[in-house]
Amino acid sequence: MEYATSRDVFKRVLVQAVPTVFYFPPTIGPNADGGRMQNFDAKKSKYAADLHQYVQSKCDVQFTLRAPIDFSFYPKLAMYALSSIGIVTATWHYRHEYILPVVQSRNLWMIALLAWIVLMASGHMWNVVRRPNYFGYENGQLRKVAREFTQQYVFETQAAGFLYAGLSIVFVLLIKIVQGKNANKISHSWRLVAAFLIGYSALIYLFRLKNKSYPYKILF
């Protein structure tokens with residue numbers, strides 16, 4: 001039953017989401033119950049055992065729940081085992097030629113650490129836990145930044161993460177150029193400083209969109 005073609009049915013039983021399980025008590029017989037229909041909350045119950053227990057308690061019947069055979073389990077297990085053996089063998093064989101230089105690379109660990117900091121600072125974990133909308137709507141208009149401090153959209157966290165990442169890259173490049181012996185390091189340094197100011201101004205502007213009373217401003 002599709003919502004687009006059965007809206008009247010959905011409205012009649014007051015259903016806004018599926019799947020939904022209804023229990024209609026018997027109206028005649030020794031177990032007659034004049035109560036209204038009951039709704040089994042399928043959203044909170046992720047396992048078939050919960051529905052199985054609910055049916056047994058309401059209908060006064062006992063039956064065994066048997067899960068279907070998962071024929072894909074053994075092929076998956078064999079694939080994972082062979083892949084693990086192949087990865088371990090290749091790692092041991094090429095450990096001196098490829099693995100150790102990568103693991104001992106300071107630049108690689110620096111990039112990974114910066115990426116982790118940017119990911120956490122941008123609010124990625126909040127999105128994973130709360131699962132907000134990508135955009136918001138207010139009075140029929142699209143909103144990219146939520147005004148409340150307790151709410152945020154995915155777009156604004158991605159924008160903040162992009163700006164954090166850009167600023168981190170510019171800052172690291174600026175340090176490398178200043179410490180280097182390049183003849184044009186002064187001109188390159190000024191370009192990076194200008195890029196840093198523009199990116200930081202954009203980040204502060206994003207903060208002002210979030211909070212109109214944010215007092216700081218650099219270029220715009």
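Visitor: In which helix of the protein chain is confidence highest?
Guide: This is a predicted model. The mean pLDDT of the chain is 81, and 93% of its residues reach 70 or more. Confidence is lowest in α1 (residues 7-12), at a mean of 74. It is highest, at 88, in helix α3 (residues 73-93).

Visitor: Are α7 and α8 roughly parallel or antiparallel to each other?
Guide: Helix α7 spans residues 154-179 and helix α8 spans residues 185-210. Their axes come within 9 Å and cross at roughly 160°. Angles over 145 degrees count as roughly antiparallel. Therefore α7 and α8 are roughly antiparallel.

Visitor: What is the handedness of the crossing of α7 and α8?
Guide: The contact of α7 with α8 has 20 nonpolar, three polar and three charged residues. The crossing itself is left-handed.

Visitor: Which element gives the largest share of the lining of the largest pocket?
Guide: This pocket has a volume of about 230 Å³. Of its 15 lining residues, the closest to the centre include Glu156, Phe207 and Lys210. The largest share, four residues, comes from α7.

Visitor: How many charged residues are in the lining of the second largest pocket?
Guide: About 180 Å³ of space lies in this pocket. Its lining includes Met110, Leu114, Ser168 and Val172. Helices α5 (106-121) and α7 each supply at least two lining residues. By class, nine are nonpolar and one is polar, and the number of charged residues is: no charged residues.

Technical notes
Residues are numbered from 1 along each chain as its sequence is written. This is a predicted model: local features need pLDDT of at least 70, side-chain atom pairs count only at pLDDT 80 or more; totals for chains, interfaces and linings use all residues. Side-chain values use heavy atoms; hydrogens and water are left out. Axes are lines fitted to C-alpha atoms, for helices over the stretch in contact, and angles run from 0 to 180 degrees between N-to-C directions. Angles under 35 degrees count as roughly parallel, over 145 as roughly antiparallel, 65 to 115 as roughly perpendicular and the rest as oblique. A crossing is left-handed if the near helix is turned anticlockwise from the far one by less than a right angle, and right-handed if clockwise. Ala, Val, Leu, Ile, Met, Phe, Trp, Tyr, Cys and Pro count as nonpolar, Asp, Glu, Lys and Arg as charged, and the others, Gly among them, as polar. pLDDT is the predictor's confidence in each residue, from 0 to 100. On a 1 Å grid over the protein atoms alone, a cavity is a set of points where a 1.4 Å probe fits but cannot get out, and a pocket is an open set with protein on both sides within 12 Å along at least five of seven lines; lining residues have an atom within 4 Å of a point. Grid points are joined across faces, edges and corners, and a volume is the space filled by probe spheres set on the points.
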